[in-house]
Amino acid sequence: IGGLQELTLLELNKSKLSRLPAEIGKLHKLKVLSLQRNFLTRLPPEMAALKHLQQLTLSDNRFESFPAEILHLESLEELSLGRNRLTALPDDFDRLARLRKLFMGSCHLTALPACFGNLHELQILDLEDNKITALPESVGDLQRLNTLELKNNLLQTLPASIAGLSMLDTLYLENNRLNSLPPQTGAMPRLKYLQLNQNLLETVPATLAQAPMLESLDLEDNP
């Protein structure tokens with residue numbers, strides 16, 4: 001495979017792969033690599049040489065720790081790692097400075113690293129079906145974020161900084177353990193879709209009544 005020097009897209013989904021050949025690191029023009037629904041537990045060190053890779057899909061594999069090789073992919077814009085057995089992200093995850101879309105649903109994450117707010121290009125963040133108990137205050141620094149999926153986690157509160165996400169239009173928080181919301185939640189200027197069903201909320205912030213763009217609000221199955 002290393003001889004395919006002009007290759008820009010490679011899809012090996014559902015191929016029963018348990019490992020990747022070292023030669024994959026020779027595909028220097030590769031931009032899109034999709035390896036979902038395989039049996040991968042690690043990546044070869046040579047993958048760090050894929051400096052032009054923009055989209056990497058590794059969902060539905062058997063990773064139990066975050067592959068360090070990914071942090072060397074300096075052009076990466078979209079990363080899919082959902083449905084793996086990951087419990088944590090590395091403390092230097094912000095090395096993926098160009099990341100725009102991150103899909104990590106149905107893993108076993110319990111928290112996000114404090115550096116997460118340094119991902120200033122991030123627009124879509126999907127963390128549904130994890131075991132996250134709290135978000136770092138730095139999440140409020142994700143000023144380009146427009147979609148935040150956090151349903152089916154263990155969140156009890158949200159950081160006050162989340163109300164400062166001025167580009168956010170979709171916030172899904174279904175089936176958590178939230179008993180309160182930051183007072184300024186309703187002041188988010190572009191928020192259109194807010195899902196809060198199946199939580200422990202007895203009240204919501206008065207600012208929600210004046211939310212300028214809110215189109216859909218779900219509060220079903222709260223006390």
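This text describes salt bridges in a predicted model and the setting of the residues that form them. Local features rest on a pLDDT of at least 70 and side-chain atom pairs on a pLDDT of 80 or more, whereas totals for chains, interfaces and linings use all residues. Residues are numbered from 1 along each chain as its sequence is written, and side-chain values use heavy atoms, with hydrogens and water left out.

Side chains of opposite charge can pair when their charged atoms come close. The structure contains six salt bridges, each defined as a side-chain nitrogen of Lys or Arg within 4 Å of a carboxyl oxygen of Asp or Glu.

One of them joins E6 and K29, at 2.8 Å from N to O. E6 lies in the segment before β1 (9-11) and K29 in the loop between β1 and β2 (32-34), so this pair ties together parts that are 23 residues apart in sequence. Strands here are DSSP runs (E, at least two residues), numbered from the N terminus. E6 is exposed, at 57% relative accessibility, while K29 is partly exposed at 40%. In these terms, buried means under 20% relative accessible area, exposed over 50%, and partly exposed in between (1.4 Å probe, protein chains only).

A salt bridge also links K151 with E128, whose closest N and O atoms are 3.8 Å apart. Because K151 lies in the loop between β7 (147-149) and β8 (170-172), and E128 in the loop between β6 (124-126) and β7, the pair ties together parts 23 residues apart in sequence. K151 is partly exposed, with a relative accessible area of 22%, whereas E128 is buried at 18%.

The side chains of R95 and D92 meet in a further salt bridge, at 3.3 Å from N to O. R95 is partly exposed at 39% relative accessibility, and D92 is partly exposed at 30%.

Notes:
Helices (H or I, at least four residues) and strands (E, at least two) are DSSP runs, numbered from the N terminus.
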